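Trainee: I have this one open in the viewer and would like to go through it with you. Could you take me through it step by step?

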Amino acid sequence: MKSTILWYSVCIGFACNGALTAQQTAQFQPRAAAQSAETASRGSGSVSKDLLSIYERTQLAQDESSLTEIARACAKIIPDSNRSRVDRDYASNLFAWALNRRGEMRGEQAAKLVEEGKVDQASTLDQQAAKDFETAIQYNSQNWRIHHNLAISLAMRGDYLKAIKEFSASIELKDDYPNSHFNQAELYFELAQYAQAVDGYTRAIALNSSDAQYLNSRGHSLFMLESYEAALKDYIRATELGSDSAAYFTDLADAYQYLGRWEDAAQAYRSAVAINSKFPRAYQNAAWLMATCPDPKIRNVDLAVSAAKKAIELSGERSSHALDTLAAATAAIGKHNDAATLQRQALQLASKDEKDELAQRLKLYESGQSYVQSEVATAVARQSNSPPNRIRTASGQRGESR
């Protein structure tokens, strides 16, 4: 999540050390519309006509300026001691609604800016949205959607602990909304608190057992807890529910590969490519399997080279993981000097945590040897080393790599 969390979700996969990493796609999705301002009209019989007139304007508010006008009109009434308590309470709720909706709208505008590559402008808008949510909470702390939106904004800023607290507030007000449980679990996962993450995913699944991403994400946490069979059940169920997702089949294949279930892994990678022939992670991780598998029936070194190159072509990036995979495949066909060159390039791009393992493989290639996984794998699939961003909006919408 980290630097560019906005309104999107991405499925994660396994890194070379068995830990989970994810691809980062700055792909925004609009937040849900705020809870209808109609809620604020309860007891409208004793609300002044001018306030009811302001409320009527909410039905037509389609842009930021209209919402700003509504907020300003309410802001004049809230501190007016000559107005009744009913009017001031009503104005406070309407003010909170307008700010929350404006914050959502600013998030939607930021989404478009990110798609256009205008990240700095998007960041400014998103900061403004966060301020809107923070102010809205002060005037209506009982609106679960506002807490949910603020939690997402906090997560985007990297303040996971406060975001978790806001998700808890949202859940306390509305505990039957599954995405609140899911989003909170995602943050627990980011904090490596996998048991808490499993609890959150499980609550989300209890509320909506047909959501493939809930199951797939719980599978990741279970895997990190070394509950491998339970994790596989979730991964398999995710592929059944999300049968059109190459990402889910790739995650399942990664798990099989890590556990040394080579044939199952190969079949799952084939399924992923059949679903989406332009999904780079499936090619990259399948290439690793075909280049380094200890089972000669699975190894296919020529196809491994092609798949590794295809992954780079589709992703448009020569990451440390991609180059490490291509180096392994190149060594497997006997071109150890070329493999060593590729591995040195991978090392230049690698993080500190990756360097030792990549350096060990470089020594193999320099000595004319190829790399083969152990019978029980301790290192598998590689992918982009960017962080995961899977937070869902209050509408439930999210971007998913397929």
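Mentor: Let us begin with pLDDT, which is the predictor's confidence in each residue on a scale from 0 to 100. This is a predicted model, in which local features need pLDDT of at least 70 and side-chain atom pairs count only at pLDDT 80 or more, while totals for chains, interfaces and linings use all residues. Residues are numbered from 1 along each chain as its sequence is written, and side-chain values use heavy atoms, with hydrogens and water left out.

Trainee: What does the protein average in pLDDT?

Mentor: The average is 84, and 82% of the residues score at least 70. Over residues 1-44, however, the pLDDT is below 50, although this stretch has 183 contacts in the model beyond near neighbours in sequence, a contact being heavy atoms within 4.5 Å. Residues 378-393 also stay under 50, and for them the model has 113 contacts beyond four places in sequence.

Trainee: And how many helices and strands are there?

Mentor: The protein has 17 helices and two strands, taken as DSSP runs (H or I, at least four residues, for helices; E, at least two, for strands) and numbered from the N terminus. Buried residues make up 57% of the 402 residues, where buried means under 20% relative accessible area, exposed means over 50% and partly exposed lies in between, with a 1.4 Å probe and protein chains only. Among contacts between residues at least 6 apart in sequence, 66% join residues at least 24 apart.

Trainee: Switching to rings, how many aromatic pairs does the count come to?

Mentor: The rule pairs rings of Phe, Tyr and Trp (its six-membered ring) if their centres lie within 6.5 Å, and calls planes under 30 degrees apart stacked, over 60 edge-to-face and the rest tilted. By this rule the count comes to 10 aromatic pairs. One of them is the edge-to-face pair of Phe95 and Tyr139, at 4.8 Å centre to centre with 75 degrees between the planes. Because Phe95 lies in helix H3 (residues 85-115) and Tyr139 in helix H4 (residues 119-139), this pair ties together parts that are 44 residues apart in sequence.

Trainee: Is Phe95 buried or exposed?

Mentor: Phe95 is buried, at a relative accessible area of 10%, whereas Tyr139 counts as partly exposed at 33%. Phe189 and Tyr194 are edge-to-face because their ring centres are 5.3 Å apart and their planes stand at 65 degrees. Phe189 is buried at 6% relative accessibility, and Tyr194 is buried at 18%.

Trainee: Which residues form one aromatic cluster?

Mentor: That cluster is made up of Phe223, Tyr228, Tyr235 and Tyr258.

Trainee: What about the charged end of Arg361, where does that sit?

Mentor: The charged end of Arg361 sits over the ring of Tyr371, 4.8 Å from the ring centre; the criterion is that NZ of Lys or CZ of Arg is within 6 Å of the ring centre and within 35 degrees of the ring normal.

Trainee: How far apart are the end C-alpha atoms of H17?

Mentor: They are 21 Å apart, which agrees with the 21 Å that the 15 residues of H17 (residues 352-366) should span, the expected span being 1.5 Å times one less than the number of residues. H17 is followed by Gly368, whose phi is positive, near 80 degrees.

Trainee: Which residue other than glycine has a positive phi near 65 degrees?

Mentor: Ala192 does, and this residue is found in the loop between helix H7 (178-190) and helix H8 (194-207), where it counts as partly exposed at 43% relative accessibility. Glu226, also not a glycine, has a positive phi of about 65 degrees and lies in the loop between helix H9 (212-224) and helix H10 (228-241). Glu226 is exposed, with a relative accessible area of 57%. Most residues other than glycine have a negative phi.

Trainee: One more: where is Arg83 found?

Mentor: Arg83 is in the loop between helix H2 (64-77) and H3, and counts as buried at 18% relative accessibility. The side chains of Arg83 and Asp87 are joined by a polar contact of 3.1 Å, meaning a pair of N or O atoms within 3.5 Å, of which, within protein, one must be able to donate a hydrogen and the other to accept it, with residues adjacent in sequence counted only if both atoms are side-chain atoms. Not counting residues up to four places away in sequence, Arg83 touches Ser48, Asp50, Leu51, Ile77 and Arg88.
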